[in-house]
Amino acid sequence: MFPSDLVSLLRGTPKLVALTGAGVSQESGLRTFRDSHPSPGSGQAGLWAQYKPTELASPEAFARDPKLVWDWYAWRREAVKGVRPNPGHYALVEIEKRAPQFILITQNVDNLHRFAGSQNVLELHGNIQRVRCADCYTFTETWDDDTETVPRCKECGGLLRPDVVWFGEALPRAQLEAAVEASRSCDVFFSIGTSGVVQPAASLAFAAHNRGAVVVEINAEPTPLTPKAEYVFEGKSGEILPQLVRAVWG
Ligand code: BJW
Ligand code: ZN
């Protein structure tokens, strides 16, 4: 299944980077952002099925209806606590152990890479388990959830919100700079389970490609990156990644 030139390349000592997206967590039962079909077991047929994730993940949505957005994240926070990493997450842990240089860049906020055991992780879009004040940025680990309104910051009275990056907001600077640097200097760039339409994360693969990196895409369907990728594996990351690890390092 894997071309021998790719296997040889990976058996050398290349600098590896992987960018992951919601597709990697799909097999854990979490919903992706842009797929029309909910994941099995994610309970999407219920209350939240009528809302488009891309329309709730914005400062405008929060300004319009903070309680709706807070409740959606509260529900997702609980959903994330109830799921486990899948074989795709664990395969990425194996790659980190076996490859001398490997940086994992994720757009996912679900913490499943760290849960699985990945250590060198750059979280570009924040982490859903962290909560902070929308005004003064103070982080908090406790709040009163039994209110009719969004809980407020104990320091300044501002509304609490998840520490994730919404549309139009800046990505965490240090993480983004490290991701850009890693992408520009890697030998092989994996794009896994991401639709590749959200900037600036989507441009990382192109930056790697332009600097001569070999781009490998693993996705259930084609994306805007597919024509540029040297190797394309169409299917589930939870199946393809463990097979790749066995073929290269097994
Ligand atoms: C499987 C699978 C399986 C399924 N196995 N595969 C340049 C051009 C145009 C627009 C812009 C631009 N620069 C910035 C913008 C605007 C915007 C943007 O990109 N918009 C586009 C959508 C048009 N970007 C921003 O606003 C960013 N901010 C910014 O640039 O700020 C500038 C600034 C600078 C300085 C000061 C101030 C501002 C911020 C983007 C934040 C994105 N946030 C979200 C929400 C996070 C919180 C949350 O979780 O709720 O991040 S949106 C959502 O999209 C989430 C994801 O991380 C992100 C990417 O989605 P992802 O992971 O690719 O998921 P899907 O669902 O799209 O795709 C899943 C894929 O998996 C599919 O391809 C499936 O086929 C596949 N799949 N099952 C393998 N089992
Ligand atoms: Zn505050």
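What volume does the largest cavity have? The exercises below work from this question to the metal site and the aromatic rings.

The model is a predicted one, in which local features need pLDDT of at least 70 and side-chain atom pairs count only at pLDDT 80 or more, while totals for chains, interfaces and linings use all residues. Residues are numbered from 1 along each chain as its sequence is written, chains are lettered from A and ligands numbered from 1 in the order in which they are written, and side-chain values use heavy atoms, with hydrogens and water left out.

**Exercise 1. Give the volume of the largest cavity and describe its lining.**

Step 1. A cavity is a set of points, on a 1 Å grid over the protein atoms alone, where a 1.4 Å probe fits but cannot get out, and its lining residues have an atom within 4 Å of a point. Grid points are joined across faces, edges and corners, and the volume is the space filled by probe spheres set on the points.

Step 2. Two cavities of 30 Å³ or more are counted by this rule, and the largest cavity has a volume of about 60 Å³.

Step 3. The residues that line the largest cavity include Leu 19, Ser 191, Phe 206, Glu 217 and Leu 225. Helix 9 (residues 201-210) gives the most to this lining, with three residues, where helices (H or I, at least four residues) and strands (E, at least two) are DSSP runs numbered from the N terminus.

**Exercise 2. Describe the second largest cavity by volume and lining.**

Step 1. The second largest cavity has a volume of about 40 Å³, and among the residues that line it are Thr 106, Asp 110, His 113, Arg 114 and Glu 123.

Step 2. Helix 7 (112-116) and strand 3 (121-123) each supply at least two residues of this lining, and the largest share, three residues, comes from helix 7.

Step 3. Two nonpolar, four polar and three charged residues make up the lining of the second largest cavity.

**Exercise 3. Identify the donors of the zinc ion (ligand 2) and explain why their arrangement is tetrahedral.**

Step 1. Donors are N, O and S atoms within 2.8 Å of the metal (3.2 Å for Na, K and Ca), and sites may look incomplete because water is not among the atoms. The protein donors are the SG atoms of Cys 133, Cys 136, Cys 153 and Cys 156, lying 2.3 to 2.4 Å from the zinc ion, and in sequence the donor residues are spaced C-x2-C-x16-C-x2-C.

Step 2. Four donors count as tetrahedral if all angles lie between 85 and 135 degrees. The four donor atoms subtend angles of 100 to 115° around the zinc ion, and therefore the arrangement is tetrahedral.

**Exercise 4. Classify the ring pair of Trp 70 and Trp 143.**

Step 1. Rings of Phe, Tyr and Trp (its six-membered ring) pair if their centres lie within 6.5 Å; planes under 30 degrees apart count as stacked, over 60 as edge-to-face and the rest as tilted.

Step 2. The structure holds eight aromatic pairs. In one of them, the ring centres of Trp 70 and Trp 143 are 5.8 Å apart and the planes stand at 85°, so the pair is edge-to-face.

Notes: On a 1 Å grid over the protein atoms alone, a cavity is a set of points where a 1.4 Å probe fits but cannot get out, and a pocket is an open set with protein on both sides within 12 Å along at least five of seven lines; lining residues have an atom within 4 Å of a point. Ala, Val, Leu, Ile, Met, Phe, Trp, Tyr, Cys and Pro count as nonpolar, Asp, Glu, Lys and Arg as charged, and the others, Gly among them, as polar. Four donors count as tetrahedral if all angles lie between 85 and 135 degrees; four count as square planar and six as octahedral if opposite donors are over 155 degrees apart and all others between 65 and 115; anything else is irregular.
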